[in-house]
Amino acid sequence: MSDRMMSLAAGLGPTQEIYSIDESFIGLNGVRGDLVARGHKVRDRILQWIGIPTCIGIAPTKTLAKLANHIAKTAERKLGSYPAELAQVCNLAALPGQELDDILLATDVGEVWGVGRRISKQLKEQDIHTVLDLARTDPATIRRGWNVMLEKTVRELQGQPCVDLDDAPEPKQQIACTRSFGKAVTELAPLIEAVSEFASRAGEKLRKQNGLARELLVFMHTSPHRQGPQLSRSVVVPLRRPTDDSRLLAGAATDAMRRMYLPGYRFIKAGVILVDLQPANVQQQELDLEPEHEATPTPTPVLHVRHSLGG
């Protein structure tokens, strides 16, 4: 669902940085017309096709765009907190100077991206209570009192882009595909089917970042909130050669599930995590001294078992 949402959100502009599972930045360079209307169309499409409500913030910098998104969400959920026309899609770049100042004045400084609870408290001790207060503070003063990152935040609030749109984020160090089952699973066959699918999906994500995996971890567990015997198991499978081949990953995950499965338990969740990743263009070769069809190395198990007697 995240991938589908991101693909629809990409229709807003020519460049995209996926920031988290439910959040991305879109570059709007060269995009003309009514950006708010465009935002509403994309939002409506995501809601209609996927069923996920979203909010969109538009601004000259990433920090202001994050703030605009917060305003769009708050204006929709808390009537009267901000002007109603800023709900769902908020374009701070289109507001006249005084209206923008009023919005920033009405927003607590703690809502700024990168200003955590500790820094927020320190700023308020220096009589910087609102986003407008922070935006009007001298950046050099902020740098001397805090750090260069907060200085960049202030400059971004002033409309100076200091945080680039990252079209190619750093490769992930781990890739996970997990799922909670709709109902408890007790048989081996559906568990094998699930982890095989998870490994295939993880392999697809790994190829997108041009990486290889040296190991994969397979896990499953029962629900700690239900009565009955409890079991949590995980197995780390070292791969003979680093790979991004979904067939090999699925085969290793299947072997691991067969090794650690025990009957008599009601499993509620399972997953596959690719670990020890490396770039595909950096590979360590080996002497071809063993047959290619050698069995998968015996995985190293990590076991935790807890029985619940009488609830």
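Predicted model: local features only at pLDDT ≥ 70, side-chain atom pairs only at ≥ 80, totals over all residues.

**Stop 1: two helices meeting**

Now show the whole helices, residues 2-9 for α1 and residues 35-50 for α2: their axes come within 9 Å and cross at roughly 155 degrees. Angles over 145 degrees count as roughly antiparallel, so that is how α1 and α2 run relative to each other. Their crossing is right-handed.

**Stop 2: a residue in a loop**

Next, pick Ile128, in the loop between α5 (117-125) and α6 (131-135). Is Ile128 buried or exposed? Its relative accessible area is 8%, and under 20% counts as buried, so Ile128 is buried. Beyond residues up to four places away in sequence, Ile128 touches Val109, Leu123, Asp133, Leu134 and Thr137. Try the distance tool on Val109: it sits 19 residues from Ile128 in sequence, and the C-alpha atoms are 7.4 Å apart.

**Stop 3: the nonpolar cores**

Finally, select Val218 and Leu274, the residues with the most contacts inside the largest nonpolar core, which has 34 residues. Color β5, α9, β6, β7, α10 and β8, as each gives two or more residues to this core. α9 gives the most, with 8 residues. Apart from this core lies another one, of 31 residues, including Ala65, Ile71, Val115 and Leu132.

Technical notes. Residues numbered from 1 in each chain as written. Heavy atoms only, no water. Axes fitted to C-alpha atoms, helices over the stretch in contact; angles between N-to-C directions. Helix = DSSP H or I, 4+ residues; strand = E, 2+ residues; numbered from the N terminus. Parallel < 35°, antiparallel > 145°, perpendicular 65-115°, else oblique. Left-handed = near helix turned anticlockwise from the far one by under 90°. Buried < 20%, exposed > 50% of the residue type's maximum accessible area, 1.4 Å probe, protein only. Contact = heavy atoms within 4.5 Å. Core = buried A, V, L, I, M, F, W, Y, C linked by side-chain atoms within 4.5 Å.
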